[in-house]
Amino acid sequence: MILDVNAYLGHFAFRQLQHNTAASLLQLMDAKRIDKAIVSSASAITYRNAQAGNEELAAEVKDHRDRLIPFAVINPFYAGWQDDLKICHEDFGMSGLRLYPKWHNYRLSDRCCLDLVNAATERGMVISVPIRVEDKRQRSWLVDVPDVPLDELAALVKACPKARFVLLNGLGYAKLPLGHKDNGLPVNYLIEISRLSALLDNEIGQLIASLGAERLVLGTGMPFSYPDPALLKLEVLAASKEDKEKIGWQNIAQWLRL
Amino acid sequence: MHWTSLIRRPRVTRRTFLKHSVTVSVALGIMAGRAASREESGQPVGGTDSGPRGQTKVIDCHAHLNHRSRSTWEADDCKLIKAADNLGIDQLCCSILTRSQPATADGFRECNQWMAEAMRRFPGRVLGYCYVNPGYGQEALEEIRRCIEGRGFVGVKLYNEYTCTEPVVFPTVELAIELGVPILHHAGHAHYFPEEQPRISDGGHLAELARRYPQAMLICAHVCGGGDWEWTIKALRGAPSVLLDTSGSVTDEGVVEMAAQVLGVDRLVFGCDMSMTAAVGRIRAANLSVPDKEKILGGNLAKLLRRRKS
């Protein structure tokens, strides 16, 4: 079983994506033997009204809910986010969020963001935060969106101990409190491995040693990224079969009650 | 960890690769098959023109060993070899860079000395690039000649001391042509001014250099770690003598397929630049035929290295 916590449908403003419809993504998942994937709208990253992306996503995954698990993109600085959250959860059956504080121009410490996190938590939703969408060296001339600093994420997980977070597309945790044992932070976050090393520095191995395999999850970033690099990390990782199963699907399945 | 303690026993076997995918198994077999055959035979890698069972070797065209100011340099070098073992990479074309740029002549000579020692530590496994700063003129040229002719290095590594179209670089290119060796040139293209690398070359510069020196064997480094890869691929379209190194940490889907479509697979060379799983994963994923992947993984570079004149 493979459950990918980091997948997308729709369009990205600055690069053409392949495999960005439900049908084509499922075809890719079949080829890579990925059983299920958490998907959100790539279009919603740059739509002013992110809810339009959530509506597109809901329609796209409607007939594929056995394999595609939709998460909503909500901008808490945009009018009507409370209504959007309600619709995404109750009508669209979305069980989690993706937040883009840098793309949507708010701070994780802003009151509105904390309100969104708390409201989603009350609904039992999981909150994922992509640290980046694409490598900053290839950014368009139109935008200069920084990565989400890991210390801001550490502050958020501390401020919202009842919330459950999945941190996507990041690296460098092992050198920071987020990756340390006994770090004074709640045990309320999972770290996705797509940008972590499994060889050389082996940050995945370091995090297993410090936090435990229970705190890591597999994500590929498809279709922004090829899925194979992340899958290959899990293959070559020096870890037990049991730990790989936890990372590959069990940890997130437990959170989502799958 | 001492280098003699390394066990060349790849962990990625054909079986473990294949269990994940039937449809991509053909592509995986290129690398995993080699790993499996080494595992079965217990043979070390390197020292011959082809891999086990006559397969084309997998050659990483862009790797680095560690500067010895790093306290863990020896163990870290061994980790690279072990990672290559795990991934089924037969040979690594390496350079050692000075800690900061611009490199001094003493600095690049020291790095190349260490590189020569590494080639003896990992015979047939590690192939050396001679790193120089072309600004040192005759000293740089003498170092290249010493490394290529005297020490068996396979090519030249140029970094960001000068944009490759600056005349100060031309004698280095002319010497590489004379010796019949490639130049791996650091490159990247961003849509903002790279303050930290004001003289970085990009695909357009390398294309211009190739028009001036069509006999030169130029490799444009790390398309997946050099900014806008779509720009780079398009900039190289009209420069048929420039090869493109697929290395880098960016795992964007479609880069290998676009490069193959625009440039042709004969112009692509596999590299990691230390992003090991990203590099292998993108080739594994690419929607290309097995013969095309064989070319990228080692065939094209092996062909280039055979053009050596000394």
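In the predicted model, strand E8 (residues 189-192) of chain A pairs with E9(A) in the parallel sense, over 2 bridges. Within this pairing, Ile191(A) stands opposite Leu216(A), a residue of E9(A). Both strands belong to an open sheet of 6 strands in chain A, which runs in the order E4-E5-E6-E7-E8-E9 with parallel pairing. The edges of the sheet are formed by strand E4 (72-73) and strand E9 (216-217) of chain A, each of which pairs on one side only.

Chain A is also in contact with chain B. The contact draws 27 residues from chain A and 32 residues from chain B. On the side of chain B that touches chain A, helix H3 (73-87) and helix H10 (276-285) of chain B each supply at least two residues. The most is given by H10(B), with 8 residues. By residue class, this side of chain B comprises 13 nonpolar, 12 polar and 7 charged residues.

Confidence scores were examined for the model and for chain B. The model scores ipTM 0.96 and pTM 0.92. For chain B, the mean pLDDT is 87, with 83% of the residues of this chain reaching 70 or more. Residues 1-10 of chain B have pLDDT below 50, and this stretch has 19 contacts in the model beyond near neighbours in sequence. Over residues 32-49 of chain B, pLDDT likewise stays under 50. For residues 32-49 of chain B, the model has 39 contacts beyond four places in sequence.

Notes. Residues are numbered from 1 along each chain as its sequence is written. Chains are lettered from A and ligands numbered from 1 in the order in which they are written. This is a predicted model: local features need pLDDT of at least 70, side-chain atom pairs count only at pLDDT 80 or more; totals for chains, interfaces and linings use all residues. Two residues are in contact if their C-beta atoms, placed from the backbone, lie within 7 Å. Helices (H or I, at least four residues) and strands (E, at least two) are DSSP runs, numbered from the N terminus. Ala, Val, Leu, Ile, Met, Phe, Trp, Tyr, Cys and Pro count as nonpolar, Asp, Glu, Lys and Arg as charged, and the others, Gly among them, as polar. pLDDT is the predictor's confidence in each residue, from 0 to 100. Two strands pair if DSSP finds at least two bridges between them.
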